Amino acid sequence: MLQQVTYGDGGPKVNSGGHNIPITIAGQTRKKDQSNGSLYRPYDIIGDNNGFIYIADMINHRIVRWKEGETQGEVLCGISGESGNSTYHLDRPKSLAFDVLGNLYVADVGNSRVQKFTINSTDYLLSEIYLDCVINETLRFYPVAQATCRTLTVDDRLPENNVQLYKGDTVVIPFNTLAHDPRYWSIDPERFVPERFLDEDKNHHPYVFIPFGGGHRQCIGQDLARFELKVIIARMLQQVTFGDGGPKVNSGGHVIGLTITPKNVGVTIEFP
């Protein structure tokens, strides 16, 4: 082989040295050990959007929540020891899965059953990133209110058009106009695209999307309103499937009053 081919160095960019070493982020021992720093035959792993991983510790008969960089995990459920069918007892847990409300489902193999545990539904709902995007895009497309007003406390001048403003003037801030101004959005603002808040429009100007107002006088109930909306949507999606009612019903347009509402809304509802 060496008589037929001449080998040479591929260069420093290719052969820069080093090698990949796996990093242990959870677990410290292999023996059966019930301390929070140990894992023995982890069988399944699932992560959430808060940086936690959930580990089915099969031999220690439990579920452990771990965060990278920590030296100890948190035992969430399961009792190590004898087999049995008592509530919260686990015998060789294997597969893990979450639902939209943050409930953890565990394949409890040794007890021939699937168990459901509520980990922290509040944190899990707050971590539903795509649902946040859908809610934000809905509020951008049809803001709850048309506008808000502010009264100037000092004289001022608009920098771009040099318009003079005086103390006591009332300035109207149009939510809908700002949310649909193509100068401030990378993706066409007339399109309903929830993914814009994940990609191109993630870092939009903070004051072009203010459905609950901004500054010191913004709506104090907006966090509660958003959380309630997420709970309702998540719960409804567990029970029914929604579909588009068709172009004739959902032809666009809106009605402006005290609030902004779609002109027509039509959906289909499918029950399981």
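**Close-up 1. Cysteines C149 and C133 in the predicted model.** In this predicted model, C149 is partly exposed, its relative accessible area being 45%. C133, by contrast, has a relative accessibility of 4% and is classed as buried because that value falls under the 20% cut-off. A disulfide is a covalent bond between the sulfur atoms of two cysteines.

Close-up 2. Four strands form an open sheet in the order 1-2-3-4, and their pairing is antiparallel. Strand 1, residues 42–47, and strand 4, residues 74–77, are the edge strands, each of which pairs on one side only. On average, and with direction ignored, neighbouring strands of this sheet are turned by 30 degrees against each other. Strand 2 spans residues 52–57 and runs antiparallel to strand 1, to which it is joined by 5 bridges. On the side of strand 2, I53 is the bridge partner of G47.

**Close-up 3. The salt bridge between R62 and D57.** The structure holds 8 salt bridges, and one of them links the side chains of R62 and D57, with an N to O distance of 3.2 Å. Both residues of this pair, R62 and D57, are buried. D57 also falls within the residue range of strand 2, which is 52–57.

**Close-up 4. The salt bridge between D91 and R92.** D91 and R92 form a salt bridge in which the closest N and O atoms are 3.6 Å apart.

Close-up 5. Within helix 2, which covers residues 129–141, E137 and R140 lie 3 residues apart, about one turn of the helix. Their side chains meet in a salt bridge with an N to O distance of 2.8 Å. E137 counts as buried at 0% relative accessibility, and R140 is likewise buried, with a relative accessible area of 0%. Through salt bridges that share partners, E137, R140, R196 and D201 are joined into one network. The buried cysteine of the opening view, C133, has a residue number that also falls within the 129–141 range of helix 2.

Note on methods: Residues are numbered from 1 along each chain as its sequence is written. This is a predicted model: local features need pLDDT of at least 70, side-chain atom pairs count only at pLDDT 80 or more; totals for chains, interfaces and linings use all residues. Side-chain values use heavy atoms; hydrogens and water are left out. Two strands pair if DSSP finds at least two bridges between them. Helices (H or I, at least four residues) and strands (E, at least two) are DSSP runs, numbered from the N terminus. Axes are lines fitted to C-alpha atoms, for helices over the stretch in contact, and angles run from 0 to 180 degrees between N-to-C directions. Buried means under 20% relative accessible area, exposed over 50%, partly exposed in between (1.4 Å probe, protein chains only). A salt bridge is a side-chain nitrogen of Lys or Arg within 4 Å of a carboxyl oxygen of Asp or Glu.
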